Amino acid sequence: MRKGLVFLIVISIISGILTACQNGSSAPPTATATPLPPTNTPEPSPTPSPSPTPNAEMVIENAATAMAAVESMRQEHVSLIDTAVLSNTQTVGCNYVQPANAYCQINAQLMPPGSSHAIENKQEILFIDDQAWTRQDGRAEWESVSPSEAEELSLIAEPNTPLQIPTEALQKVTMNEVTEIDGLPMYEIEAMIDETAVKNILGPSMQGLLAFTQNMKISTTIWIGVEDFLIYQQNIFATFTFQEEPVEFSSDIHNSAFNEELIFPDPVATN
């Protein structure tokens with residue numbers, strides 16, 4: 001909140017006195033005072049106090065408001081699940097347009113135990129006006145599916161909206177020094193993430209797996225634009241045990257092309 005400084009304004013009125021010269025033996029004329037018009041001294045404007053340095057909670061709140069107003073964006077994230085016996089890497093690139101249109105390209109690579117070659121699976125998911133399509137491994141033809149069937153193929157519960165951790169799920173929030181990403185100043189926020197909130201944003205298949213996890217700890221680092229409060233980058237790191245085996249999960253998320261025109265394929269024209 002800005003506090004204005006209160007100033008006392010003193011306006012001085014300057015008067016000049018004109019006198020007549022005495023002539024010979026005649027009595028001196030009476031001196032008359034002709035006041036000058038008052039000086040119009042402008043009233044100074046209050047000096048604004050500097051804006052307060054935002055704290056971590058204020059930055060997070062402003063970021064939630066700014067992201068809610070975004071009409072379109074591009075989100076890319078690379079997620080890695082690593083265990084003692086296998087690793088699974090999923091690369092996802094999505095175009096999102098409000099209210100719920102999305103085009104996602106998903107590339108998953110599973111490294112089985114004892115193998116030097118990854119099993120690769122490519123998939124595309126398209127949501128347009130309450131309709132959904134999928135296609136596998138770069139095929140030309142799209143297959144029409146129900147939105148619920150398309151959601152089963154995704155890691156998150158609502159794949160037609162950008163992946164974003166709810167602000168109420170953030171705990172022990174701290175703010176580091178302002179840094180730069182691609183020449184833009186960024187607030188760097190670190191926080192722990194509530195386990196229950198994470199499970200709520202994941203899809204049914206992932207929720208089933210997480211039912212057998214224990215000792216989950218999730219942390220995140222978020223980079224938020226100083227000038228626009230948009231979330232440009234977010235890293236998520238989690239550790240837990242699954243069937244008594246230690247598991248590490250990491251996800252590197254990048255957001256770009258805010259409110260720009262994005263390209264969607266035409267599922268009818270390609271069939």
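Mentor: Let us start with a term: a residue counts as buried when its relative accessible area is under 20%, as exposed when that area is over 50%, and as partly exposed in between. Please keep in mind that this is a predicted model.

Trainee: Is cysteine 104 buried or exposed?

Mentor: The relative accessible area of cysteine 104 is 4%, and the cut-off for this class is under 20%. Cysteine 104 is therefore buried.

Trainee: Which cysteine does the disulfide join to cysteine 104?

Mentor: A search of the whole structure finds one disulfide, with an S to S distance of 2.1 Å. One partner lies in strand β4 and cysteine 104 lies in strand β5 (residues 101-111), so the pair ties together parts that are 10 residues apart in sequence.

Trainee: What is the handedness of the disulfide between cysteine 94 and cysteine 104?

Mentor: The answer rests on the torsion about the S-S bond, which is about 120°. The disulfide of cysteine 94 and cysteine 104 is therefore right-handed.

Trainee: Which residues touch the most other members of the largest nonpolar core?

Mentor: This core has 49 residues, and its largest share, six residues, comes from helix α1 (residues 56-68). Not counting residues up to four places away in sequence, one isoleucine, at position 193, touches residues including Ile165, Leu170 and Ile236. The residues that touch the most other members of the core are Ile193 and Ile224.

How values were computed. Residues numbered from 1 in each chain as written. Predicted model: local features only at pLDDT ≥ 70, side-chain atom pairs only at ≥ 80, totals over all residues. Heavy atoms only, no water. Disulfide = S-S within 2.5 Å. Helix = DSSP H or I, 4+ residues; strand = E, 2+ residues; numbered from the N terminus. Buried < 20%, exposed > 50% of the residue type's maximum accessible area, 1.4 Å probe, protein only. Core = buried A, V, L, I, M, F, W, Y, C linked by side-chain atoms within 4.5 Å. Contact = heavy atoms within 4.5 Å.
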